[in-house]
Amino acid sequence: MKITPVIQGVIARSAHPLGCQQAVRQHIATVRQHMDPVDPVSETPPLRVLVLGASSGFGLASRIALTFGEQRADTIGVSFERGPSDKGVGTAGWYNNIYFRQEAEQAGRVAKNIVGDAFSPAVREQVVQAIRDDLGGQVDLVVYSLATGVRPDPQTGEMWRSVIKTTDEAFSGPTLNLETDTLETMTVEAATDEEIIATEKVMGGEDWAEWIATLHDAGVLATGCRTVAYSYIGPAITYPLYHHGTLGRAKQHLHVTADALNHQLQALGGQAHVAVCKALVTKASAFIPAFSPYMLALFKVMKAQGTHEGCIEQMQRLFGERFFPAQGEVEVDAQRLIRMDDWELAAETQQQVVALMAQITPENFTALGDYTGYKTDFLQLNGFAHEGIDYDADVSMAELLRLTP
Ligand code: NAD
Ligand code: NA
């Protein structure tokens, strides 16, 4: 069977396992490049880490950076992915999990994958059990990197659905259609109060706090346990769409939650942080309407300046340089946020981005913006457009079915 890319709008409907494997390996190599040649018998025990949302984007990059970086982490990764079936080969995240585990185990690390709904009590119980069985009973770090559009209300079982809208006036702007390679004008409507609340429920901090409470009650948080979740703020030019929109409201809730969790974890000598990251192409971000022209301009400018990073470079810099300072406290801003978006928001970068965005039109965006880079990133997330993979070769479904998480 040959596997070809199938894109509908901004959603990938197919994935190539071999490309996913190659991407995982390349990201591991990126992290290893940053490692000092340390003595083989390290004194520090491996960090024990739970990653919620481990199969793609920032969560996968965190897992790779922590496992193959100085922390030599043993990890449990939770994600919601689909394996091969008569419906298709399954999702990229399914294969990322498997190939990550294989590489981690080869390096002598524990890497347990739990595939299921992170909001369900059953998965929470499974995770607590896995911490006891596979990590010796406790975790030192919980990475919260879920991105989803729905969350069940634990009281009623009904679904909260997040929306990506503004919170005051409607906003019209060009947005990328990755299926047709065109920029189309799209109107982002203003959300109702119910929609704002639902988005806070899905993408805010409530579930993060519930996870920490569950783990704390089960006695599986180690002394000094830390937790981190990821946020985005962006520049003023995107505020109507993001920071002042429904997602920004949810992130505001996440930031407040970090302070509450930080307070609670002090009893254990622990800490909670939010890291504000750079805008990047992920399964989740491709979904944000009218945001793509900013990304096209940003990537073009940052690549020219030599400051562009992908998810793995961001997470390598976070965990390699910022999160575990050799001495003193973690560097944060006035809102206690770790600013990994410092290079994106640098004044000289933003000046050029604003100037470039003003010139981008549906006719010239492929030349003026970094459309090739954006599209390649999107394809590569799904295992396509990787050099050195023979996409004409047959992939054996029987072999894929033999792979287990
Ligand atoms: P992503 O789509 O690549 O990853 C989401 C992860 O969540 C996947 O592992 C997926 O399997 C998992 N997941 C989703 N629903 C689940 C469920 N019900 N149960 C278990 N697992 C589930 O997204 P991402 O872009 O890496 O986003 C992660 C975080 O980073 C989000 O908080 C996002 O807002 C933030 N962030 C993203 C960007 C960006 O530009 N992409 C920038 C800054 C911050
Ligand atoms: Na993630």
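This is a predicted model: local features need pLDDT of at least 70, side-chain atom pairs count only at pLDDT 80 or more; totals for chains, interfaces and linings use all residues.
Reader: Let's start with the whole thing. What makes the chain as compact as a globular protein of its length?

Author: The chain has 13 helices and 13 strands. Its radius of gyration is 21 Å, close to the 22 Å that the globule rule gives for 405 residues, so the chain counts as compact in the way a globular protein of that length is. Along its principal axes, the C-alpha trace spans about 55 × 50 × 50 Å.

Reader: How much of the chain counts as buried?

Author: Of the 405 residues, 53% do.

Reader: Now some single residues. Why is Thr75 called buried?

Author: Buried means under 20% relative accessible area. Thr75 has 0%, so it counts as buried. You'll find Thr75 in strand S4, residues 74-79. Leaving aside neighbours within four places in sequence, Thr75 is in contact with several residues, including Val49, Phe100, Val110 and Leu135.

Reader: What makes the link between Thr75 and Arg63 a polar contact?

Author: The cut-off for the N or O atoms is within 3.5 Å. The side chains of Thr75 and Arg63 are joined at 2.9 Å, and that pair is listed as a polar contact.

Reader: Ser62 next: is Ser62 buried or exposed?

Author: Ser62 has 0% relative accessibility, so it counts as buried. Ser62 lies in helix H2, residues 57-68. The side chain of Ser62 reaches the backbone oxygen of Phe58 at 2.6 Å. Beyond neighbours within four places in sequence, Ser62 is in contact with Val143, Tyr230, Met315 and Phe319.

Reader: How far apart are the C-alpha atoms of Ser62 and Val51?

Author: They are separated by 8.0 Å, with the two residues 11 apart along the chain.

Reader: Let's talk charges. Why is the pair Arg124 and Glu210 called a salt bridge?

Author: The rule asks for a side-chain nitrogen of Lys or Arg within 4 Å of a carboxyl oxygen of Asp or Glu. In Arg124 and Glu210, the closest N and O atoms are 3.8 Å apart, and the pair forms a salt bridge. Arg124 lies in helix H4 (residues 121-134) and Glu210 in helix H6 (residues 206-217), so the pair ties together parts that are 86 residues apart in sequence.

Reader: What other arginine forms a salt bridge with Glu210?

Author: Arg151 does, with the closest N and O atoms 3.3 Å apart. Arg151 lies in strand S7 (residues 150-152) and Glu210 in helix H6, so this pair ties together parts that are 59 residues apart in sequence. At 1% relative accessibility, Arg151 counts as buried.

Reader: What about Asp333 and Arg339: what makes that pair a salt bridge?

Author: The closest N and O atoms of Asp333 and Arg339 are 2.9 Å apart, and the pair forms a salt bridge. Asp333 is partly exposed at 22%, and Arg339 is partly exposed at 22% too.

Reader: Which residues are joined into one network by salt bridges that share partners?

Author: Arg124, Arg151, Lys201, Glu206, Asp207 and Glu210 are. The count for the model comes to 19 salt bridges.

Reader: On to strands. How do you know that S9 and S10 pair?

Author: Pairing takes at least two bridges between the strands. Strand S9 (residues 171-177) and strand S10 (residues 182-188) have seven, in the antiparallel sense. One example is Thr175, whose bridge partner in S10 is Glu184. S9 and S10 form a hairpin with four residues between them, and Asp181 in the turn has a positive phi of about 55°.

Reader: In which sense do S11 and S12 run?

Author: Strand S11 (residues 221-231) and S12 run parallel, joined by six bridges. Among them, Arg226 has Gln271 as its bridge partner in S12.

Reader: And what makes strand S12 mostly covered?

Author: In S12, residues 271-276, five of the six residues are buried.

Definitions and conventions. Residues are numbered from 1 along each chain as its sequence is written. Chains are lettered from A and ligands numbered from 1 in the order in which they are written. Side-chain values use heavy atoms; hydrogens and water are left out. Helices (H or I, at least four residues) and strands (E, at least two) are DSSP runs, numbered from the N terminus. Buried means under 20% relative accessible area, exposed over 50%, partly exposed in between (1.4 Å probe, protein chains only). A polar contact is a pair of N or O atoms within 3.5 Å; within protein, one must be able to donate a hydrogen and the other to accept it, and residues adjacent in sequence count only if both atoms are side-chain atoms. Contact means heavy atoms within 4.5 Å. The radius of gyration is taken over C-alpha atoms; the globule rule is 2.2 Å times the number of residues to the power 0.38.
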